[in-house]
Amino acid sequence: MPDLDRRTHRRRPATRRVLATAGVLAVMGAAVPLVAQATLTPKAHTRSTVPAGTATGDTRHVTEPALPTTVCATVPAARTMPTRATDQGSETTPPDTIRIQHALDTCAQTGQQTVAVRLQATDSGHNAFLTGPLAVHRGEVLLLDSGVTLYGSRNPADYQISGKPRCGTLASSGGGCKPLISVAGANAGIEAVRAADGSQGRIDGRGDQTVLGTTTSWWQLATDAQKAGSNQNNPRLIQADDSDNFTLYHVDLLSSPNFHVVYNGGNGFTAWGVRIKTPAGARNTDGIDPAGATNVTITDSFIMDGDDGIAIKGGNRSSSNITVTNNHFYGTHGISIGSETTSGVTNVLFRDNTLTGTDALGTTSGSSTGIRIKSSPANGGRVTGVTYLNTCLDAVRAPLVFDTHYSGGSGPNAPWFTGITVDGVTATHSPSGAKSTLVGLDRTRPLELTLQHVNLDVTTATAANARITATDTNLHPSGPDVTLTTTNGPGAAPTCTFPAFPAL
């Protein structure tokens, strides 16, 4: 298969290569009027750019977003936080919650036009906001100037959900905390201005800092929960529920106490130019998780976190028509589907992604994985029509994982993975003990997998209950009830380069 041009997504006749440049696109500074900002020709992501017979992904014609041209309200920064912390009184009662939420409430739209609530840096050097949970409404974009940081509260009482376990504690169940930012309603967004030097607005969840009134950080709470067999009650950074046509654009997301982004139940989600930076050791800090979602594109993003870089879920509702392309992952648990697949996941295209097993701080992921589909009879269902094109892996312990017995889960919900295609994988510098897993549930529900142009530097694999067709691959798994059919065909594994995580 020919490579895809990163700017136009037209096919090139040249060799297969996954491009790995940062690709800074927008050059607008904070003082420039808020108009459509990209000075380069916008890129488009369309399903027509992939070979016939593969998953097509997002059914929309997705082009690079543009910032809203109408600013409904501007909220100026009133502080600086060079150490990412401030005085005790402000930490106890975050001073910016009321004024930001007032602007959001005032600007909530009933018409079709999308408007911005702008968080603005000031000429006096103020560039920080400190807030508790915020709600973004239909038809509005929370827009951050480049150089502006929105800091999340450390006070667990700010996030408390009535009737749920106490936020900031361990309990037999989770769900005690509101997200820092909740989004509901169509045509909303969280976006930032990108300056000429590549800097852009950011949201910092401060998961590494102590929960107010304790000596324990949010991240330590998550680690303690794992050791205790319990659940941490930590807030997510961003959650969008039933928000059609939701956009994340050119925003930095740092140090979330829990998942960074959850897109739940909507139709139409674009994440473009997002940079997530949280260490590999921060437990349960997924990057971007579409759940019960359809028509999703995640592209041109840099994702570093302590769990799945991407996790597509189909729990209470199915997920479908999803494209994940031109992204770079560091120290994550992989580009994943699952583990919740009860309602099904279908038509997912992963293309031109790179993954490294260590984060930008040099920390090795505790579960470094490349391509992964995971589920179990506890929460399983049908996963079908999934294609991985041109994937580059470096220092990854588990290059390919198709696991229908994830975490030993048991129950009546049988996972069944069919129509899975992996076309173009190169793995380098795999650590000692690296191993792939290709395991279907049983003989009647086998893994149905096509491998093409796969070149792994470690080919150890566990396989069972699988029907595999292999073309130009050095991975030849065998095991109980495994059928392997080998064929010949044109093409080659990708040639790979891996970019450094951008300086934030």
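The protein exposes about 17,700 Å², of which carbon and sulfur atoms supply 50%; accessible areas come from the Shrake-Rupley method with a 1.4 Å probe, and for residues only the protein chains shown count as cover. The model is predicted: local features need pLDDT of at least 70, side-chain atom pairs count only at pLDDT 80 or more, and totals for chains, interfaces and linings use all residues. Residues are numbered from 1 along each chain as its sequence is written, and side-chain values use heavy atoms, with hydrogens and water left out.

Of the 504 residues in the protein, 58% are buried (buried, under 20% relative accessible area; exposed, over 50%; partly exposed, in between; 1.4 Å probe, protein chains only). The protein contains 4 helices and 38 strands, assigned as DSSP runs numbered from the N terminus (helices H or I, at least four residues; strands E, at least two).

C72 is joined to C107 with an S to S distance of 2.0 Å, and the link is left-handed, with -90 degrees about the S-S bond. This pair connects strand β4 (residues 71–76) to helix α2 (residues 97–107) across 35 residues. C72 is partly exposed at 36% relative accessible area, whereas C107 is buried at 1%. The sulfur atoms of C167 and C177 lie 2.1 Å apart; this link is right-handed, at 110 degrees, and both cysteines are buried. A further disulfide, between C392 and C496, has an S to S distance of 2.0 Å and is left-handed at -80 degrees. It links strand β30 to strand β38, 104 residues apart.

A search of the whole structure finds 8 aromatic pairs (rings of Phe, Tyr and Trp, the last by its six-membered ring, with centres within 6.5 Å; planes under 30 degrees apart are stacked, over 60 edge-to-face, the rest tilted). The pair of F302 and F501 is edge-to-face, because the ring centres are 6.3 Å apart and the planes meet at 80 degrees. F302 lies in strand β23 (residues 302–304) and F501 in the segment after β38 (495–496), so the pair ties together parts 199 residues apart in sequence. F302 is buried at 4% relative accessible area, as is F501 at 12%. F350 and Y388 are stacked, 4.5 Å centre to centre with 5 degrees between the planes. Ring pairs also link F246, Y263 and F269 into a cluster.

Definitions and conventions: Disulfide = S-S within 2.5 Å.
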